[in-house]
Amino acid sequence: MRQDLKEPGMPLVRLEVEGMRRTLVHALAEQNLAMDGYVQAAIDKFCHPDNLQAIIEREAQEALSRAIKEEIDNFFGYAGPGRTVIKEIMAKRLTEELEAVRRFEGLVKKEEKPA
């Protein structure tokens, strides 16, 4: 220690931390090994063949469902061929309904006329 920092009558305290450092390094190494064991156990449990098969099946079902829905949307969407078919069917059905209404109106008008 520098002499100019030492005051007369003050005891000199020297702190040794090498032992503490070794203890901490050892404890951290043990903790790291334990953590590795926990992580490996979790990976082994997750990667069990039955679990992987269930995950693969679930994800495949979801992916197929999304793909099918997307293709249906494309088919019936604004520019898709299904849209044209729906348009034709609806035009025919609405025309038939309109003609039925007109026939009904014609019958009502005939009945209203005095004979």
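Predicted model: local features only at pLDDT ≥ 70, side-chain atom pairs only at ≥ 80, totals over all residues.
Q: How many aromatic pairs turn up in the whole structure?
A: A search of the whole structure gives 1 aromatic pair. The partners are Phe75 and Phe76, whose ring centres are 4.9 Å apart. With 90° between the planes, the pair is edge-to-face.

Q: What nonpolar patch are those two Phe residues part of?
A: A surface patch that includes Phe75 and Phe76 along with Leu64, Ile68, Ile72, Val85, Ile86, Ile89, Met90 and Leu94. Together its residues have about 910 Å² of accessible area.

Q: Which helices supply the patch?
A: Helices α2 and α3 each give at least two of its residues. Ile89, for one, sits in helix α3.

Q: Is Ile89 buried or exposed?
A: Exposed, because its relative accessible area is 51% and the cut-off for that class is over 50%.

Q: Back up a bit. What is the overall secondary structure?
A: The chain has 3 helices and 0 strands. Along the sequence the pattern reads α-α-α.

Q: What share of the chain is buried?
A: Buried residues are 3% of the 115 residues. The chain's accessible surface comes to about 11,200 Å², and 62% of that belongs to carbon and sulfur atoms.

Q: What about confidence, what does pLDDT average over the chain?
A: The average pLDDT is 87, and 90% of the residues score at least 70.

Q: Which elements have the highest and lowest mean pLDDT?
A: Helix α2, residues 49-76, has the highest mean at 95. Helix α3, residues 81-112, has the lowest at 88.

Q: Switching to charges: how many salt bridges are there?
A: The count is 4 salt bridges. One of them joins Arg58 to Glu59, with the closest N and O atoms 3.8 Å apart.

Q: How exposed are Arg58 and Glu59?
A: Arg58 is partly exposed at a relative accessible area of 45%. Glu59 is also partly exposed, at 39%.

Q: Which residue does Lys92 bridge to?
A: Lys92 forms a salt bridge with Glu96, the closest N and O atoms being 4.0 Å apart. Both residues lie in helix α3, 4 residues apart, about one turn of the helix.

Q: Why does Lys92 count as exposed, and how does Glu96 come out?
A: Lys92 has 54% relative accessibility, so it counts as exposed. Glu96 has a relative accessible area of 35% and is therefore partly exposed.

Q: What is the N and O distance between Arg93 and Glu97?
A: Their closest N and O atoms are 3.0 Å apart, and the two form a salt bridge. Arg93 and Glu97 are both in helix α3, with a spacing of 4 residues, about one turn of the helix. Arg93 is partly exposed at 44% relative accessibility, and Glu97 is partly exposed at 37%.

Q: Which residues are joined into one network?
A: Lys92, Arg93, Glu96 and Glu97, through salt bridges that share partners.

Methods
Residues numbered from 1 in each chain as written. Heavy atoms only, no water. pLDDT = per-residue confidence, 0-100. Patch = residues over 30% accessible without salt bridge, like charges linked within 9 Å, V, L, I, M, F, W, Y side chains within 5 Å. Areas by Shrake-Rupley, 256 points an atom, 1.4 Å probe, with all protein chains shown as cover. Salt bridge = Lys/Arg side-chain N within 4 Å of Asp/Glu carboxyl O. Buried < 20%, exposed > 50% of the residue type's maximum accessible area, 1.4 Å probe, protein only. Phe/Tyr/Trp six-rings, centres within 6.5 Å; stacked < 30°, edge-to-face > 60°.
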